Amino acid sequence: MSLIVLFIPVSQAIALAQAEPQALRHGDHPLVGQIWSGEAQSERQEALARMARADVVLLGESHGNADHHARQLEVLQALLALGRRPALAFEIFDLEDQEIIDRQRLAGVADADDLAEAVNMSGRGWTWAEYRPLVQFALDQALAIVATNLSRRGAMAVAMEGLQSLSGEDRARLGLDRPLPEDAMQRLEQRIVDAHCGHLPAARVGGMINAQRARDAYMADRIAALEGPVVLITGAAHARLDYGVPWYLAQQAPERQVLSLIFVEVDPERHAAVDYLNAGGSPYHLLWFTRRSSPDDPCEAFRKQLEGMRG
């Protein structure tokens with residue numbers, strides 16, 4: 001199996017494999033629509049007001065969940081109504097796309113599909129239809145569009161050659177010259193193993209940790225360079241406070257006030273918000289519960305592909 005497959009966790013692999021929008025399930029779950037901060041429920045307007053006060057808001061999604069993208073747009077609309085005009089930063093756009101995006105906007109491009117064509121979004125694996133309304137909103141409202149992601153090729157280079165493949169100056173600027181706290185590193189390693197349902201060869205884990213760290217650090221670097229409020233549209237793991245983008249922002253721009261939110265797909269077996277918290281609490285400031293689009297047991301759904309990794 002190609003190395004490229006080993007850089008896609010099961011959650012993203014499911015989203016990339018879905019040619020058609022997947023049905024949203026468990027709409028009758030008692031938590032759907034609720035927002036929680038730790039063990040306390042938060043009213044929607046209170047949560048939105050917290051986001052409006054933050055310098056950086058991270059909206060962590062499950063790729064492929066239509067509810068998550070709809071709530072992201074809802075947050076953006078609310079922030080503008082509250083007088084904020086954030087730059088909109090995207091994981092789906094690679095760092096190299098920024099020059100193209102800027103050139104297209106200077107040329108007056110006002111249609112999101114034209115922008116996607118200019119950066120060759122169709123060849124990336126992302127489901128463009130899910131992100132189009134967010135990009136179109138930024139164009140319609142004249143909000144800055146920011147590319148943040150290390151490309152697949154760049155992430156593979158770091159995974160194969162290590163963080164030492166980056167210059168010492170870059171590592172220092174990005175915060176990659178400092179190790180993650182030991183407990184955070186353990187959680188990151190466990191997440192990578194779990195995301196591949198235990199089928200990832202042990203020899204690949206260290207490389208994937210380096211690639212994940214580099215992607216988080218570069219996302220933080222792009223955000224730290226911006227003035228004014230920023231909203232990042234990204235996968236849930238990148239929004240984590242303990243080892244994701246916020247950790248690197250704290251190294252690069254400690255003065256920035258960060259708020260991290262995760263949209264949580266409900267589990268039919270877990271009916272209380274506290275059931276979704278780790279023993280040490282939540283690695284996010286806010287949890288917004290939604291319907292579910294991914295399989296209830298993604299490991300079973302992708303069992304044959306995952307077993308192929310061993311080959």
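In the predicted model, the charged end of Arg-270 is placed over the ring of Tyr-276, at 4.1 Å from the centre of that ring.

A pair of aromatic rings is described by the distance of the centres and by the angle of the planes. With ring centres required to lie within 6.5 Å, the count comes to five aromatic pairs. One of these pairs joins Phe-90 and Phe-93, whose ring centres are 5.5 Å apart and whose planes stand at 80 degrees, so that the arrangement is edge-to-face. Phe-90 and Phe-93 are both buried. A further pair is formed by Trp-126 and Tyr-131, for which the centres are separated by 6.0 Å and the planes meet at 85 degrees, and this pair is therefore edge-to-face; both Trp-126 and Tyr-131 are buried.

Strands of a sheet pair through backbone hydrogen bonds, in either a parallel or an antiparallel manner. Here, eight strands make up an open sheet with mixed pairing, arranged in the order E2-E1-E8-E7-E3-E6-E4-E5. Its edges are formed by strand E2 (40-42) and by E5, each of which pairs on one side only. On average, and with direction ignored, neighbouring strands of this sheet are turned by 30 degrees against each other. Helix H11 (residues 245-252) packs on the sheet, where the helix touches strand E3 (56-61), E6 and strand E7 (258-265), and the direction of H11 makes about 160 degrees with that of E3.

Within this arrangement, strand E4 (residues 87-94) is largely enclosed by the rest of the structure, because eight of its eight residues are buried. With strand E6 (residues 230-235), E4 pairs in the parallel sense over four bridges, and Ala-87 stands opposite Val-230 of E6. With strand E5 (residues 145-149), the pairing of E4 is likewise in the parallel sense and extends over four bridges, with Ala-89 standing opposite Val-146 of E5.

Technical notes
Residues are numbered from 1 along each chain as its sequence is written. This is a predicted model: local features need pLDDT of at least 70, side-chain atom pairs count only at pLDDT 80 or more; totals for chains, interfaces and linings use all residues. Side-chain values use heavy atoms; hydrogens and water are left out. Rings of Phe, Tyr and Trp (its six-membered ring) pair if their centres lie within 6.5 Å; planes under 30 degrees apart count as stacked, over 60 as edge-to-face and the rest as tilted. Buried means under 20% relative accessible area, exposed over 50%, partly exposed in between (1.4 Å probe, protein chains only). A charge sits over a ring if NZ of Lys or CZ of Arg is within 6 Å of the ring centre and within 35 degrees of the ring normal. Helices (H or I, at least four residues) and strands (E, at least two) are DSSP runs, numbered from the N terminus. Two strands pair if DSSP finds at least two bridges between them. Axes are lines fitted to C-alpha atoms, for helices over the stretch in contact, and angles run from 0 to 180 degrees between N-to-C directions. Contact means heavy atoms within 4.5 Å.
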